[in-house]
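Below are my notes as numbered points, to be read with the model open beside you.

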Amino acid sequence: MIRNIYKFLSSVKLAMALLVVILSCCVVGVTIYRGVEAGTHIFSTFWFNGLLVMLVVNVCFCFFPRILNRKLTLISLGMILFHLSFVAILGGIVFNSLFHFAGLIRLTEGETLPSGDLQSYDFAEQGRFFDIGKLRGDTTLIKMHVGHRVDGADKKVAYEISVGEGEAKKQGIIFITKHLEYRGFRYFCDREGYAVLIVLYDKMGRELYGGYYPLQSLRQEDGSYLYTTGTKDGPGSIAYPYDRPQPLFSLQVAYRPSKISERGGEAFFQVWPLTHEGERPEAKPLAEGKAALGEMFDAGDYYLSLKEVRYWTAMFVRYDPGLPIVLASLWVGFGGMVITFIGRMRRMRN
Amino acid sequence: MKAELVCFWIAVGLYGVSTFSYIFGLIARQEKLFTVGLYGALAGFIPHTIAIGLRWSETGISPFISISESITLGTFMAVLIFLIFQFSTKKVRPLGVLVMPVVFVLIGWAGTLMKEIATTLAPALQSAWIWVHIIGASAGFGSVLVAAAFGLMYLLKERSSGGIANKLPELQTLDNLSYRFIAGGFIMYGLMIVSGAFWSNQVKGNYWNWDPVEVWSLISWLIYGIYLHLRITFGWRGRKLAWYALIALIAMIISYWGIPFSVETFHKGFRIEH
Ligand code: HEM
């Protein structure tokens, strides 16, 4: 029995079959299924990853016993390095999956959130042995810079952030090809949008409340963008003020940036009677209309105003202790290919 | 018309001349036409190079990003490798019978897809890895195209005797040459994947995400990995591998420039377009 398993695992036919099956899965994963679907049906499935693991097990049982019986030459040395890199990559991946952390943190300019609190993240995922205590201190978005330039190259946007605690706090500017690293945690730019400060006044013009409301950037058919409250699937209203036990009404705000002044522009307000979650608002709003930045909009019993425009940004926070193993192994594998190639060239010449 | 476009279409024209010389040379068994074909390719290569250079110097932005630019570079590498081989050995004269038609069709197609030069390089592409990546990809393509041409030579020599087939090197030599270029292409594809992984790690913090561009490059690499195993572990030689090299070439062209090519998949998510 054990012998048969060993025979099966160590056959070159299995190696070939696995390679062909994996290749076929890849082809299906970019033709029949696409994007996210390919992930759920193929690449993230248990069986597909099982195939990859089996490939590595097969390398261990099939390749190494065969090659180690041979004389060490340039050719065989290269092959050993190449196949060894497969094993090391898998090792790195497994190790990483046990200890890693990945989270998406979203901050409005000026906002600070505790790094070690999972509530701070829109989404967070961690390995079984990841120690949350490693995430120390706070994460702050100081400012988002538009049209950031480095050595003349336009980086479009850059986030000025600060992370960590006390003395060891680290501050820096990140953009798409540059991250910031703090104690093994890496901070990557992901996306950004507008957040508008919507202030509530009574009819006497006294300020009652103010809060930042992040807007979605929705691409329109003509290629332009609509910046509005809602979800990524479309515009929608929010309970306003959302952070009070008793919101007053449902509000939808759309923002039109000014073409001339950065962070200027106007807002379009629509106010409905408060609805419970999931309930559709009545067809006709209580009030609707436009107001430029800083101007008052008459919302029935109250006034509303778009007082300030800031940016929100979302950053990926990653901790991947297995990463150096994987990256180094990639070069080892590549080096192996080159060494084998050189070895063969020399043999052919002789 | 801009000088760049003039050069580009002159190159296409000369590659066309080369293509027809090779094909008619083969049909009519006129070896002289192979010489015409070879010098046609060389003559086309000059304006081809100038066209790329002009495009590059116009804005200073590497002109290898859009699909037509990518094909232009891939064919450039293929012709370069082909010419180097031809002028350094002069061994396999009809080799251009496959290389030049493929180059001609691809570059002509690139011409129809040509867009204005980008004035800025997307920030995600402002990375040194892009150089390693595109050199790996285009040199890989050039190598496997030449390898497939040796495969075709092998099949020609095997089928017919006399005339042109007689002047071709031994079957085993052709088989070995094809294998060498496949092995070289495999390394270049390896370089493309490794640099792609480092690039992705620089931008997104993960080296592999199974996104379509990555999977397509894995496909090209695996196809040639399987070739090498068939040869080394299973002892395949000759006709079967010659066919394999030819069919794999089709897969390669599709995987490169067919469905998947779009930089858009590179960075998804909504962002403010400033
Ligand atoms: C994606 C996966 C793999 C790739 C791309 C790959 C690639 C290669 C390459 C490039 C060579 C050397 C060919 C040359 O001389 O240039 C080779 C040889 C070999 N590989 Fe793999 N390999 C893979 C997986 C495996 C697996 C899973 C096994 C396990 C059975 C295996 C077993 C062997 C053996 C036994 C040899 C040759 C040794 C001999 O001469 O018999 N390979 N492989």
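1. Glu4(B), Arg55(B) and Glu69(B) are joined in a network of salt bridges. Please keep in mind while you look at these side chains that the model is predicted. Over all chains, the structure holds 18 salt bridges, and a few others deserve a look below.

2. Staying in chain B, Lys204(B) and Asp211(B) form a salt bridge, with 3.6 Å between the closest N and O atoms. Are these two partners buried or exposed? Asp211(B) counts as buried because its relative accessibility is 9%, and Lys204(B), at 15%, counts as buried too.

3. In chain A, have a look at Glu207(A) and Lys307(A), which form a salt bridge whose closest N and O atoms are 3.4 Å apart. Glu207(A) belongs to strand E11 (residues 207-214) and Lys307(A) to strand E21 (residues 302-319), so this pair ties together parts of chain A that are 100 residues apart in sequence. Lys307(A) is partly exposed, at 39% relative accessibility.

4. Another salt bridge in chain A brings together the side chains of Arg256(A) and Glu266(A), at 3.5 Å from N to O. Here the residues are 10 apart: Arg256(A) sits in strand E17 and Glu266(A) in strand E18 (residues 265-273). With a relative accessibility of 22%, Glu266(A) counts as partly exposed.

5. Now to the meeting of the two chains. How many residues of chain A are in contact with chain B? The count is 59 residues of chain A against 46 of chain B. Between them the chains bury about 5,000 Å², and carbon and sulfur atoms account for 73% of that area. On the side of chain A that touches chain B, helix H6 (residues 323-349) gives the most, with 12 residues.

6. What about charged and polar pairs across this interface? There are 0 salt bridges between chain A and chain B. Polar contacts, on the other hand, are found for 5 residue pairs, with both residues at pLDDT 80 or more.

7. The iron atom of the ligand is coordinated at 2.0 Å by NE2 of His83(A) and NE2 of His229(B). Its site has 6 donor atoms, with angles of 87 to 180 degrees among them, and is octahedral. The histidine pair joins two chains, because His83(A) lies in helix H5 (residues 74-99) of chain A and His229(B) in helix H8 (residues 212-232) of chain B. His83(A) is buried, at 12% relative accessibility, whereas His229(B) is partly exposed, at 25%.

8. Finally, some backbone spots to check in chain A. Most residues other than glycine have a negative phi, and most peptide bonds are trans. The bond from Tyr240(A) to Pro241(A) is cis, with omega near -10 degrees, and Pro241(A) is placed in the loop between strands E16 (238-240) and E17 (249-257).

9. Two non-glycine residues with positive phi can be inspected together. Asp151(A) has phi near 50 degrees and is found in the loop between strands E5 (149-150) and E6 (153-154). Lys156(A) has phi of about 65 degrees and is found in the loop between E6 and strand E7 (157-164). Asp151(A) is exposed, at 80% relative accessibility, while Lys156(A) is partly exposed, with a relative accessible area of 34%.

How values were computed:
Residues are numbered from 1 along each chain as its sequence is written. Chains are lettered from A and ligands numbered from 1 in the order in which they are written. This is a predicted model: local features need pLDDT of at least 70, side-chain atom pairs count only at pLDDT 80 or more; totals for chains, interfaces and linings use all residues. Side-chain values use heavy atoms; hydrogens and water are left out. Donors are N, O and S atoms within 2.8 Å of the metal (3.2 Å for Na, K and Ca); water is not among the atoms, so sites may look incomplete. Four donors count as tetrahedral if all angles lie between 85 and 135 degrees; four count as square planar and six as octahedral if opposite donors are over 155 degrees apart and all others between 65 and 115; anything else is irregular. Helices (H or I, at least four residues) and strands (E, at least two) are DSSP runs, numbered from the N terminus. Buried means under 20% relative accessible area, exposed over 50%, partly exposed in between (1.4 Å probe, protein chains only). Contact means heavy atoms within 4.5 Å. Buried area is the accessible area (1.4 Å probe) that two parts lose on being put together, summed over both. A salt bridge is a side-chain nitrogen of Lys or Arg within 4 Å of a carboxyl oxygen of Asp or Glu. A polar contact is a pair of N or O atoms within 3.5 Å; within protein, one must be able to donate a hydrogen and the other to accept it, and residues adjacent in sequence count only if both atoms are side-chain atoms.
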